[in-house]
Amino acid sequence: FTAPRIVTCDPATATTANPLGAIDDGAIAVDEHGRFSFVGSRADAPRGLRTIALGGVVLPGLVDAHTHAAWVGSRHDEYAMRMAGCDYRDIAARGGGIVASQRAIAEVDTEAVARVLEARLRRMASLGVTTVEVKSGYGLVPELELRQLRAIAQARADGSLPHVVPTFLGLHALPKEMRDDRDAYVARVVGELLPRVAAEGLARYVDAYVDANAFTTAEAKGLGVAARGLGLDVRLHVGQFADVGGAELSAELGAHSADHLENVGAKGVLALASAGVFAGLLPLASFTLGQAPPDVAALRAAGVRLVVASDANPGTASTESLPLALAFAVRSYGLSPDEALLGATQNAAESLGLGASKGRIRVGYDADFAAFDLPHEIGVVQPFGVARTRLVVREGHALHGTLA
Ligand code: NIG
Ligand code: FE
């Protein structure tokens with residue numbers, strides 16, 4: 001493949017003057033294993049291969065490191081309430097929120113969840129996304145969490161979709177019937193469901209919603225410690241509404257990522273920095289909720305590495321678009337275009353434990369890339385709101401567009 005501009009997002013190619021390692025008039029080659037076998041300038045490219053000339057700018061396939069994409073149903077009624085000024089308490093009083101999505105999961109079977117997820121992942125691919133982390137967390141009770149996780153496993157097995165990283169979001173909300181029995185609920189998740197999820201290989205990560213109206217640090221710690229013991233890694237929802245010490249817990253648990261952070265203070269930021277935890281920024285959630293951004297300047301100054309993700313979910317980020325999240329990360333969170341793009345490529349892949357195979361255009365890495373019909377990578381973070389991709393490739397195979 002040749003292209004007027006190839007943005008590798010590879011630190012080995014990057015320089016201070018060229019932080020994304022962009023190559024003008026570049027070429028990439030893909031081997032029979034679906035990996036990059038050449039990355040460089042067109043003049044140096046190996047001869048004798050079939051060549052496809054791509055216009056525009058080529059980036060690593062985008063990596064969406066925080067989604068709840070296995071949801072079914074719609075919560076548009078709740079969106080209208082929210083826009084009219086109701087808060088989560090009003091919405092909960094009318095049966096809305098996470099439990100509304102639980103009811104939707106209860107009404108369908110695994111196959112139906114898988115079909116909805118697959119269609120959603122295809123639309124994500126059309127926007128340039130080749131890897132998606134997908135959380136459970138709308139089942140709440142064992143049977144329904146397993147339904148979501150099995151649907152996620154089906155999508156993961158399908159090579160014609162983006163690569164899926166499955167996360168067991170074990171502590172998201174209390175099911176209605178256990179609202180007054182939280183200790184028993186947490187004990188069941190940690191003691192019964194988690195070992196089953198691990199034994200069946202249904203998750204790579206666990207997650208918990210650590211916040212004032214969700215789960216405590218002690219509850220999340222129990223889940224995280226047990227998960228580590230079973231070979232799973234941890235990512236957490238932290239400080240979306242209140243700073244209850246979730247960032248410090250992320251550091252203590254060696255979590256790969258602490259996400260949201262709208263209400264995390266200086267102490268939490270330093271904890272993330274000292275433990276090398278990635279900060280997952282979710283600007284479409286704070287946009288929907290009308291919240292102020294996290295303290296990005298403090299995160300940056302402390303050296304915390306930034307990830308930008310969609311948070312795709314039916315309640316607080318009704319989106320399927322990582323590029324839209326990048327646009328908001330730049331406009332509302334003040335990230336530079338380069339920071340935003342690294343947060344959806346190299347840093348996102350590293351936060352998912354895929355730093356040795358994805359998120360960069362580099363020889364030996366998976367040949368995951370997106371060719372945009374745009375002259376420059378800055379165009380990718382402008383708020384187009386439509387797909388600007390011409391070709392999206394995962395491991396050498398087209399997810400969107402054709403290799404003609
Ligand atoms: O990431 N904060 C908790 N979880 C989701 C929203 C869940 C929902 O409302 O369905 C989030 O914003
Ligand atoms: Fe989330």
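Donors here are N, O and S atoms within 2.8 Å of the metal (3.2 Å for Na, K and Ca), and water is not among the atoms, so sites may look incomplete. Keep in mind that this is a predicted model: local features need pLDDT of at least 70, side-chain atom pairs count only at pLDDT 80 or more, and totals for chains, interfaces and linings use all residues. Residues are numbered from 1 along each chain as its sequence is written, chains are lettered from A and ligands numbered from 1 in the order in which they are written, and side-chain values use heavy atoms, leaving out hydrogens and water.

**Stop one: the iron ion**

Select ligand 2, an iron ion. His66 (NE2), His68 (NE2), His237 (NE2) and Asp311 (OD) coordinate it at 2.1 to 2.3 Å. Along the chain, these donors follow the spacing H-x1-H-x168-H-x73-D. Helices (H or I, at least four residues) and strands (E, at least two) are DSSP runs, numbered from the N terminus. Both His68 and Asp311 are buried, meaning under 20% relative accessible area with a 1.4 Å probe, counting protein chains only.

**Stop three: helix α12**

Show α12, where seven of the 10 residues are buried. Those are Leu322, Pro323, Ala325, Leu326, Ala327, Phe328 and Ala329. Their packing partners are β5, β6 (129-135), α10 (283-289), β12 and α13 (337-342).

**Last stop: the core**

Which residues touch the most other members of the largest nonpolar core? Pick Phe168, Leu299 and Leu335, out of 99 residues. Such a core is a set of buried Ala, Val, Leu, Ile, Met, Phe, Trp, Tyr and Cys residues joined through side-chain atoms within 4.5 Å. Helix α6 (residues 182-199) gives the most to this core, eight residues. Another core, of 15 residues, lies apart from it; Ile52, Leu54, Ala367 and Phe369 are among its members.

Note on methods: Buried means under 20% relative accessible area, exposed over 50%, partly exposed in between (1.4 Å probe, protein chains only). Contact means heavy atoms within 4.5 Å.
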